[in-house]
Structure formats: C-alpha cells, structure tokens
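Hello,

Here is the structure I promised to pass on to you. Have a look at it first, and then read on for what turned up.

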Amino acid sequence: MNAIVFKGSGTTAHDIAAIARKDAAVAIGAHVHDRLVRARAMLDQAAAMGQQIYGLNTGLGANLKTPVTEGINTFQQQLVRGRGMGVGPSLPRDETRAVMAARLSMLAVGGSGISPSVFNDLLALLNKHVHPVLPSIGSIGAGDLVLLSAIARSLIGEGNAEYQGQVYPSGQALELSGLARSALGPKDGLSLLNASAVSVGCGALVVVDTASLLDFQRQAAALSFEALGGNPLVLAPAIQRARQAAGQAEEAEKLLALLEGSSLFGAQAAIQDPLSLRCVASIQGALAQAVKSATEAVEIELNAAADNPLVIVDEGRVLSTGNFHTPSLALAFETLGLAIAQAALASAARFIQLTGSGRNGLPRYLTPLGGASAGFVPLQKTVAALAGRIRHQANPVLLDFLPVSEGVEDHATQTPLAVAKCAEIIGLWSHVIACEMLAAAQGIDFKPGHRCGDGTSEVYGFVRATASRLKDDRALGDDVSALANLMLPRA
C-alpha cells in the first residue's frame with residue numbers, strides 16, 4: 001500500500017482509517033519540515049525576548065501565573081508525567097494508530113512550534129508500529145491532554161507500549177524497534193498533549209464505519225421492500241423534488257437502483273405502507289447528511305493548527321488560543337448518533353412488520369411450520385433490546401461537564417464521549433441491520449413468484465451465503481452475529 005502523505009492540508013478520514021487498519025505508512029510532504037523549522041525558530045525567538053508563553057515558561061491551567069524560569073526542558077517531562085491520569089480500558093490498536101496519525105496530521109500544519117526532531121520521533125513511533133497503551137477515560141473534550149500523555153510518555157521511554165503483539169515497558173519497546181528516547185525541548189511536551197487528537201482520530205474511524213454501514217442499511221431496507229411488497233412509487237423522483245429535504249432525493253435514487261428489475265413495479269401495491277418503509281428515503285437521507293457533516297468536522301480538525309499557544313508564522317507572533325476546543329465536532333457527533341439511532345429504529349420497526357402476525361401475505365412469525373413454532377418472534381426481543389441500548393447511547397452528553405482547574409477550565413465539550421457513544425451505537429446498529437436482512441430474506445422465500453431487483457438479488461445472495469433459510473426452529477443469534485461481523489470487519 002502506498003504511503004499516506006501528510007502535507008499540512010488535504011488529510012481525509014479515509015487516510016486515517018488506512019493508517020489505523022491497513023498499517024499504511026505515513027510520509028511527510030516536501031514543505032512540512034521547513035514549516036516546522038520556521039515555527040520552532042519563531043517560538044524560541046519569542047521566548048528569548050521575554051514573552052510569556054503558556055506551557056513553555058508558565059505553568060498550565062490553574063498554574064498559569066506560576067513562572068517557569070529554570071529547568072525548562074525538565075519541566076516538559078514533568079508536564080508529560082503529571083498528565084498521566086487516564087484510567088479505564090485501553091484503546092484498541094486501530095484507534096491508537098488513528099490517534100497518533102491524527103496528531104501528526106495536525107502538527108504537520110506547523111502551528112505548534114514543536115521541535116522537528118520530536119515530530120520525527122512521533123512519526124517513527126507510528127511507522128515502526130510501536131503503539132503506546134492509551135487509557136480511554138480522562139478527557140472532557142477541552143483538549144485530550146490526559147489521554148495523549150500516554151503517547152508522550154512512550155516517546156521518552158515511560159509507560160507501556162505494544163510492539164509486535166506484545167506489551168512492553170515503553171523503553172524496551174523503543175529498544176526492540178530500534179528507536180531512541182525522545183529529548184523534549186521547550187514546549188514540546190505541551191505540543192504533544194494539547195490537542196483533540198483522540199476525538200479526531202477515533203472520530204475519523206466512526207465516520208468511515210458509519211458511511212459503510214449506511215450502505216448495508218440501504219440494502220436491508222430495499223430487501224424489506226421486496227419481502228413486504230412495498231410500493232416503490234414512494235421513491236419516485238417527483239416526490240423527492242416536491243420537498244428537497246437533506247439527502248432524501250439521493251437516498252431514494254439509491255434505493256430505486258437496488259430495486260430496478262423487481263416485479264414490485266408491476267404489482268398491485270398498497271396505497272400507503274407503514275412509515276418505516278414509506279419514509280425510509282427521508283430517514284436515511286438525514287443520516288447521510290449527518291455523516292457528511294461529521295466527516296467535514298473531522299477533516300477540518302485533521303488539517304487545522306489547533307494548538308495553544310499558536311505560532312503564527314506569517315505574522316511573526318505567538319498567541320494563546322482556544323483552538324483545541326471542539327464544540328462543533330461534539331455537536332456533529334451528537335447529531336450523528338441521533339441520526340444513526342433514528343435509522344436503526346426504523347430498521348427495527350420493519351423487522352417487527354416482517355415477523356409479526358402474518359401481514360402482507362407472509363406467514364405468522366415467518367415460520368414454515370405453523371402451530372407452536374416460534375420462528376422469528378423470539379428475535380423480536382433481541383431487536384427490542386438492541387433498540388433500547390441504541391436509544392440509551394444516543395442521549396446527548398455535550399452539556400455534561402464540571403468546571404475544573406480552579407475554574408480556569410469552566411467549559412467542556414465531552415467530544416471523546418460523544419465519539420465513543422457513536423462507535424458503540426454502530427456496533428449495535430449492525431446487529432439490527434442483520435436482523436432485518438435475515439427476516440426480509442426469509443420473507444422473500446415465501447414469495448416463489450416474486451422477482452427481486454438486480455441489486456436486491458445480490459443482497460439476498462449475501463444473506464444466504466451466511467445464513468440458510470429457517471426451516472425448523474433454531475438459534476438465529478449466531479446468524480445475526482455472523483452477518484454483523486461481515487458488515488463491520490474493522491480490520
């Protein structure tokens with residue numbers, strides 16, 4: 001695989017996913033080194049002229065007014081160690097790589113003033129596949145300092161890191177990989193920490209996964225049209241033009257493409273289908289729009305100088321900023337979580353329609369046995385449980401914060417939690433989609449004279465390649481999990 005080149009602009013969420021999950025190497029654009037050198041020189045010059053620079057010659061947070069006049073380099077190591085307060089399960093390998101890649105992309109913009117040697121050390125850490133053990137809890141979205149300290153500590157040989165599948169003390173991992181410990185200069189520790197790289201890196205994976213899973217949701221909905229004998233005219237372009245809601249026309253067009261060639265178009269259809277089917281284009285169109293907005297928010301951050309303080313090379317100034325704060329990113333992921341939940345609940349509703357009391361000419365519970373056969377009806381409980389968990393995770397957290405650092409940090413965004421909630425919703429949603437696909441495929445099996453569309457025929461084949469038709473009552477949970485795993489391989 002070709003290396004992903006960080007140029008200080010143009011990095012995409014898919015780039016981060018390739019680095020995180022396909023181990024793509026990272027290279028640096030031709031002008032990045034020059035930007036780093038210029039910014040570093042400007043930072044050193046400002047400090048030499050006596051300017052107070054946050055985190056270089058001052059303390060952090062509530063210690064802002066405490067000057068640092070001696071041992072400035074040692075202070076950076078102290079600063080890194082003193083933020084190692086994260087707890088909870090460690091991030092998985094792909095998320096850790098995404099976080100490292102996100103921070104490198106941001107640093108490549110050139111506003112941090114980080115020493116080029118330390119930037120290169122972080123680049124080598126990623127490319128040599130040395131992965132610091134990052135705890136998952138400790139950031140409230142006002143910069144991810146507490147979590148990112150694990151990366152900085154690994155660079156100086158402290159903490160733990162995974163290398164070639166085994167966790168070592170970081171100093172040993174560096175030695176095994178042929179890397180030396182990093183020597184932090186003035187502000188280098190803060191440059192590694194004071195950013196939203198956890199939120200942004202993990203967020204990049206979430207938007208890539210959501211876009212991929214939306215395509216499977218589209219396929220499941222189209223298959224439900226076939227099984228339920230839905231009226232495809234509700235997807236007609238003229239209807240979408242009459243109300244140009246976000247994403248609706250595009251979604252209807254994609255659903256129509258899946259159904260093209262179906263005998264639905266020549267059948268006697270119901271005047272109006274249940275809302276989960278009739279309104280699917282607007283429901284999923286809203287989700288498509290939310291994915292787009294969240295992706296744009298992530299990519300703004302990936303290509304931004306979100307540092308505090310910020311070295312503004314063109315103006316020759318070093319200024320304190322709030323660029324590390326991510327309210328728009330948090331709001332985008334809160335919206336995305338709600339949009340996914342809405343689509344997932346519509347999918348669950350279609351599943352209930354398919355597996356209910358014999359609507360639309362389908363046998364009760366989709367069982368060929370009749371009598372006391374349970375068929376698909378016990379799976380309704382699983383779908384209801386999944387829907388309940390999704391609703392719980394979709395509850396907003398953007399406003400759940402407390403003032404910290406003696407009131408200096410009196411606002412937060414909870415962006416890492418908003419992103420993590422979306423990631424959990426995605427895993428649950430994939431199982432709901434799998435349930436809908438299984439039920440729709442079973443419904444089609446009871447319609448021997450029906451002809452599926454070209455696209456839905458492929459979807460039916462995808463389901464049947466993993467799960468056979470239900471002929472006798474059996475445990476369907478394994479089939480659901482197998483289908484869900486195919487939708488989100490995460491590798």
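How many disulfides does the count come to? Please keep in mind that this is a predicted model. A disulfide is a covalent bond between the sulfur atoms of two cysteines. Here the count comes to zero.

The rule asks for a pair of cysteine sulfur atoms within 2.5 Å. For Cys202, the closest cysteine sulfur belongs to Cys422 and is 12 Å away, so a bond is ruled out by distance. Cys202 is also buried, at a relative accessible area of 10%. For Cys452, the closest cysteine sulfur sits in Cys435, 20 Å away, which is again too far for a bond. Cys452 counts as buried too, with 13% relative accessibility.

Next, a pocket. The second largest pocket has a volume of about 530 Å³, and 25 residues line it. Leu91, Glu95, Ser136, Pro416 and Ala420 are the ones nearest its centre. Sorted by class, the lining of the second largest pocket holds 14 nonpolar, five polar and six charged residues.

Where does the second largest pocket lie? Both domain 1 (4–194) and domain 2 (204–487) give residues to its lining, so the pocket lies between these domains.

Happy exploring!

Key: Residues are numbered from 1 along each chain as its sequence is written. This is a predicted model: local features need pLDDT of at least 70, side-chain atom pairs count only at pLDDT 80 or more; totals for chains, interfaces and linings use all residues. Side-chain values use heavy atoms; hydrogens and water are left out. Buried means under 20% relative accessible area, exposed over 50%, partly exposed in between (1.4 Å probe, protein chains only). On a 1 Å grid over the protein atoms alone, a cavity is a set of points where a 1.4 Å probe fits but cannot get out, and a pocket is an open set with protein on both sides within 12 Å along at least five of seven lines; lining residues have an atom within 4 Å of a point. Grid points are joined across faces, edges and corners, and a volume is the space filled by probe spheres set on the points. Ala, Val, Leu, Ile, Met, Phe, Trp, Tyr, Cys and Pro count as nonpolar, Asp, Glu, Lys and Arg as charged, and the others, Gly among them, as polar. Domain bounds come from an automatic or database domain assignment.
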